[in-house]
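Hi,

Here is the model I promised to pass on. Have a look at it first, and my notes follow below.

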Amino acid sequence: MNLKRVVVTGLGAVTPVGNNVPDFWNSLLNGVSGSKPVTLFDVSNHKTQFACEVKGFDPAVHFDRKEARKLDRFTQYGIVATREAILDSQLKTEEENLDRIGVVYGVGIGGLPYYEEQVAEFYRSDLVPRINPFLIPKMISNIIGGHISIEYGFRGPNFVCSSACASSNHAIGEAFNLIRLGKADVIVAGGAEAPLTPCSIGGFNSMHALSTRNDSPETASRPFCKSRDGFVMAEGAGCLILEELEHALKRGAKIYAEVAGEAATADAYHITASHPEGSGAILVMRNAIEDAGLKPEDIDYVNAHGTSTPVGDVSEVKAIQEVFGEHAYKMNISSTKSMTGHLLGAAGAVEAIATTLAIKNDIIPPTINFTGEEDENIDYKLNFTFGKPQKRTVRAALSNTFGFGGLNAAIVLKKFSK
């Protein structure tokens, strides 16, 4: 079958280190941490009292008051990121066949903030069912695709992937497949998440998954460092406009990079822990590289899942060494979660933007917060891009995401050439 080529023509982001793509990218290159004490609610009784919140985001700037009341934060973030991406792509929707434009988003949790608020209100009201009629349409994960399609009139394929922290890499992979199979010309692909609530932080704390470094939030996310003690939860959204190559060339679109391959696997091992030898991660990376028609030595950069958990970082490093062999020592690896925190279902999309810009600009964003303390289970001859960005030609790059349940997704992007 003659598969079509797929390129990235637009980017949009709302993140803890920048509410648009230029600010986001500038923060990454300058090693800015988005981790601060939580301001959204009282965390005085929580073990973890910090997170990577989106800062300075005013819904009134983007939505009228009536519309904003219908949207949970994750949907607001996703719509704003989508608007930036579509504007960046210079896609003239009035000239397009809207039947051929779709939306595929990744959302791990959905409208948890509003759900918690409504449940609390229910139990405060003597069990009288005073439930807001917007509860369900604000809460459900798939609603973000509905809102985007309604705003722009996109009538093509539309669905949400929900696979925990792998959600938006799965979404990008599915969008890529729809286009290369000829089922769409353009797909709005992304991820959105607003998981910062009392119950979510409490729940992750009870699993011992979060860092509790309350005395130093900015340095709490420290992937690959011996003193790492868990991930830092984050919120936000990322969006990429994926487009069939000939369609993009015909309208004179700028092209950031080409989407070359994708893969999805399962560890089949544990509901929360990654496989200690990284078996699912090995398979997903190998399959994505093969799907791209590349060899391991063609990859110059791996944007690692790198969450800063004791077990996860080690298993991912082992997997990278198994897949790349001696070439692992010649490429760059970095975890942008050291700056953004972990955006859960939106992580893949935000990291795909970072990976795309690394390819476009030939510069690797750093892994910050490495203290020099070495974990005996990690090989520091590998180049983790500690401390500051590094310039190098990036021909192709791999971006990893791994989710609870042992669900893995990887995408390969490469420099575009005709």
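Let's start with strand S13 (residues 396–403), which pairs with S14 in the antiparallel sense over eight bridges. Within that pairing, alanine 397 sits opposite leucine 413 of S14. Two strands count as paired if DSSP finds at least two bridges between them, and the elements are DSSP runs numbered from the N terminus: helices are H or I with at least four residues, strands are E with at least two.

Before you go further: this is a predicted model, where local features need pLDDT of at least 70, side-chain atom pairs count only at pLDDT 80 or more, and totals for chains, interfaces and linings use all residues. Residues are numbered from 1 along each chain as its sequence is written, and side-chain values use heavy atoms, with hydrogens and water left out.

On to the sheet. It is an open one of 10 strands with mixed pairing, in the order S5-S4-S6-S7-S1-S8-S14-S13-S9-S10. Strands S5 (158–161) and S10 (332–334) are its edges, each pairing on one side only. From one strand to the next the twist averages 25°; angles here run from 0 to 180 degrees between N-to-C directions, with axes fitted to C-alpha atoms, for helices over the stretch in contact.

S8 (residues 257–266) has two antiparallel partners to look at. With strand S14 (residues 407–414) there are eight bridges, and alanine 263 has alanine 410 of S14 as its bridge partner. With strand S1 (residues 6–14) there are three bridges, and valine 7 faces glutamate 258 of S8. Eight of the 10 residues of S8 are buried, so the strand is largely enclosed by the rest of the structure (buried means under 20% relative accessible area with a 1.4 Å probe, protein chains only).

Helix H11 (residues 279–291) packs on the sheet and touches S8, S13 and S14, its direction making about 145° with that of S8. Contact means heavy atoms within 4.5 Å.

Last, a helix pair. The axes of H4 (residues 73–89) and H7 (residues 143–152) come within 10 Å and cross at roughly 40°, so the two are oblique to each other (under 35 degrees is roughly parallel, over 145 roughly antiparallel, 65 to 115 roughly perpendicular, the rest oblique). Residues making the contact include Phe74, Ile79 and Arg83 of H4 and Ile144, His147 and Tyr152 of H7.

Cheers

Methods:
Buried < 20%, exposed > 50% of the residue type's maximum accessible area, 1.4 Å probe, protein only.
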